[in-house]
Amino acid sequence: MAKESKKMKSEGTPLYTIPGLTVEQGAEIAALLQDRLNALTDLHLTLKHVHWNVVGPHFVAVHEMLDPQVDAVREMADTTAERIATLGLSPVGTPGALVADRGWDDYSIGRAGAIEHLGALDLVYSGVIEDHRKAIEATDDLDLVTQDMLIAQAGQLEQFHWFVRAHLETTGGQLTTAGASTEVEAKQQAGRAGVKRKSA
Ligand SMILES: [Fe+2]
């Protein structure tokens, strides 16, 4: 593909949409779903990146825990993209468009220990879930069928988030990543707590 090819965007008003919605409503829902499609595509790629880069104790457990999450999140991305198409617009799934449109940075951790990656993933999941919940609120008066899809996805994402957080939780119920505002901070806090636990 030529480098100068025009970046694709899922925007504009569709020529038709789902019966019972106006084309303007269809456009509004599709724009909101394109952002969720970007987040879900980014998430399943990031989870695979962690699957490949995790090292040290708990390697097998975390390496294997992540693949079903990758598959489930890929399925969510597929359903979301197909909902955009159903609304009469074109879902955009190319990497360049995703990077240009997303409002967050690339995952920042390379090779690292299992607990450290899980610390960083705690923040990744928090971001995706917070934005999914905002999309659920935004569809409340707009389209309950789209909302239903997002609610089902959020429930599954929240369970995966728990799988991650269960590794970071103390017996007193505190998260070792509490207060961390960046992936690097979360990784460091989770890693330090992991070392303390081993030597305790
Ligand atoms: Fe693999």
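A word on the model. It is predicted, so local features need pLDDT of at least 70 and side-chain atom pairs count only at pLDDT 80 or more, while totals for chains, interfaces and linings use all residues. Residues are numbered from 1 along each chain as its sequence is written, and side-chain values use heavy atoms, with hydrogens and water left out.

Back to Pro57: its relative accessibility is 52%, so it counts as exposed (buried is under 20% relative accessible area, exposed over 50%, partly exposed in between, with a 1.4 Å probe and protein chains only). Pro57 and Asp105 are 48 residues apart in sequence and 28 Å apart in space, C-alpha to C-alpha.

Asp105 turns up again at the largest pocket, as one of the residues nearest its centre, along with Trp104, Leu123, Val124 and Glu183. Pockets and cavities are both found on a 1 Å grid over the protein atoms alone: in a cavity a 1.4 Å probe fits but cannot get out, whereas a pocket is an open set of points with protein on both sides within 12 Å along at least five of seven lines; lining residues have an atom within 4 Å of a point. Volume is the space filled by probe spheres set on the points, which are joined across faces, edges and corners. For linings, Ala, Val, Leu, Ile, Met, Phe, Trp, Tyr, Cys and Pro count as nonpolar, Asp, Glu, Lys and Arg as charged, and the others, Gly among them, as polar.

| Space | Volume | Lining make-up | Largest share of lining |
|---|---|---|---|
| Largest pocket | about 410 Å³ | 7 nonpolar, 6 polar, 7 charged | α4, 7 residues |

Among the residues lining the largest cavity are Leu37, Thr41, Val92 and Leu98.

Then there are the rings. Phe160, Trp162 and Phe163 are linked into a cluster by ring pairs (centres within 6.5 Å, using the six-membered ring of Trp; planes under 30 degrees apart are stacked, over 60 edge-to-face, the rest tilted). Phe160 is buried at 6% relative accessible area, Phe163 is partly exposed at 29%, and Trp162 is exposed at 51% relative accessibility.

Key
Helix = DSSP H or I, 4+ residues; strand = E, 2+ residues; numbered from the N terminus.
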